Amino acid sequence: MSDSSKKRPGDKGSLGQWNHLKKHQEYEYLGYKAGLYEAIADHYMQVLVCQHECVRELATRPGRLSPIENFLPLHFDYLQFAYYRVGEYVKALECAKAYLLLHPDDEDVLDNVDYYESLLDDSTDPGSIEAREDLTMFMKRHKLESELIKSAAESLGFSYTEPNYWIRYGGRQDENRVPSGVNMERVEVHGLSVGKKSSPKIDRDLREGGPLLYENITFVYNSEQLNGTQRVLLDNVLSEEQCRELHGVASGIMLVGDGYRGKTSPHTPNEKFEGATVLKALKFGYEGRVPLKSARLFYDISEKARKIVESYFMLNSTLYFSYTHMVCRTALSGQQDRRNDLSHPIHADNCLLDPEANECWKEPPAYTFRDYSALLYMNDDFEGGEFIFTEMDAKTVTASIKPKCGRMISFSSGGENPHGVKAVTKGQRCAVALWFTLDPLYRELERIQADEVIAILDQEQRGKHELNINPKDEL
């Protein structure tokens, strides 16, 4: 931004950038010129907007573009349930009333309030129990901040749009809260559910058998033949040449434990785990540390896999990447004798597997937004490493798959498909691991950036430079 374009806070019709006041790095303070009172007003408004939108910042997860919808109300939604579960009916009532400060017309929670009040001791006056003080004070302050910002916007001539901080769309998680409107007789006789959702109940139409889209791909097994639900095994998704190229580039881009907070053996101490993301591969390719063609192949084959999964399972909406990862597992010499562990323990991709309860709880820290998964294998010159499906007891194997070049296994990510990897006892096993989501909110940030880099590289290759962007800047 030039000095001439940076107008002062008092100039009417200026400061379009005040829509992003919290991003202080956008200001060029060396070229900033304003009187004392204007500078004070400018600084105060930056701080005020930053404070006002703090809840939005807290609701934005690392690596995500959008905040969690209904972030603050959900805290009190969970709290009322938790207090109810331990018999703290007064606190449950306080939390329910706090929730109603944010959503006053929520019929379910209004029913909960009536129900909690009916559980109080006769000596307790329900009318004396108010919403939690912390949220009451927050709401008062939040409203005042909003009024001040809007007043300043009108007086100083900048534009400000109040975000909708607690929208209802997509924000309710009824499986994790008190069943609202439950009559008392049912509660006394049957008790409440534990509030967790059994993930094998998939909330969409299950279909499969759609076209594979590409020539030479060989269909191997469907769900029935793999003794499960929403499963498919395909061969020749990659050619032998592509497998060799990907396997060759893996050694140049992978870091030990990459993607798992630097842990060299995140699943077993008997193997070395290495990984690399698609954006990192493109970065190394652009810098010449690996062939750019090979880095691009990693991107292209993952997109190919996404299209196949979306088509085969006949999904009626777009499937997005939620994580793209090239992974290698290498058996550590001297640690394979009498080994009885797995390369990757039995688990499900979007829920917490509980073999003893024969359930899979769809709740954090599980990646609950994952809908489909795929593994694309690059080699078979190793021992062990079979991919296995099990029953929910994590013991009964329902299908076992030996990796080989170009083979892809894909499946829905819930508790209907517990799976793991048998021990790699010799050599190195490499694959491209892919997780997909139907919810665009959970799109992989690195993938979005990689898409932009690829678009720029394609345009440069065609000799067009309209965007005037250096791909390295995107990396």
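Colleague: Which residue does a disulfide join to C351?

Modeller: C351 is joined to C360, with an S to S distance of 2.0 Å. A disulfide here is a pair of cysteine sulfur atoms within 2.5 Å. The model is predicted, so local features need pLDDT of at least 70 and side-chain atom pairs count only at pLDDT 80 or more, while totals for chains, interfaces and linings use all residues. Residues are numbered from 1 along each chain as its sequence is written, and side-chain values use heavy atoms, with hydrogens and water left out.

The link of C351 and C360 is right-handed, with 95° about the S-S bond. Both C351 and C360 are buried, where buried means under 20% relative accessible area, exposed means over 50%, and partly exposed lies in between (1.4 Å probe, protein chains only).

The count comes to three disulfides. Another of them is formed by C328 and C430, whose sulfur atoms are 2.0 Å apart. C328 lies in strand β5 and C430 in strand β16, so this pair ties together parts that are 102 residues apart in sequence. Helices (H or I, at least four residues) and strands (E, at least two) are DSSP runs, numbered from the N terminus. The torsion about the S-S bond of C328 and C430 is about 110°, so this disulfide is right-handed. C328 is buried at 1% relative accessibility, and C430 is buried at 0%.

β5 (residues 320–331) and β16 pair in the antiparallel sense over 10 bridges; strands pair if DSSP finds at least two bridges between them.

C243 lies in helix α8 and C405 in the loop between β12 (397–401) and β13 (408–412), so the pair ties together parts that are 162 residues apart in sequence. The link of C243 and C405 is right-handed, with 95° about the S-S bond. C243 is buried at 3% relative accessibility, and C405 is buried at 14%. E241 is also placed in helix α8 (residues 240–253), but E241 is exposed at 53%. The C-alpha atoms of E241 and C405 are separated by 9.6 Å, although these residues are 164 residues apart along the chain.

Numbering the bonded cysteines in sequence order gives the pairing 1-5, 2-6, 3-4. C50 is in no disulfide, and the nearest cysteine sulfur, that of C54, is 7.0 Å away. The closest cysteine sulfur to that of C54 is in C50, and 7.0 Å is too far for a bond. C50 is partly exposed, with a relative accessible area of 37%, and C54 is partly exposed at 37% relative accessibility.
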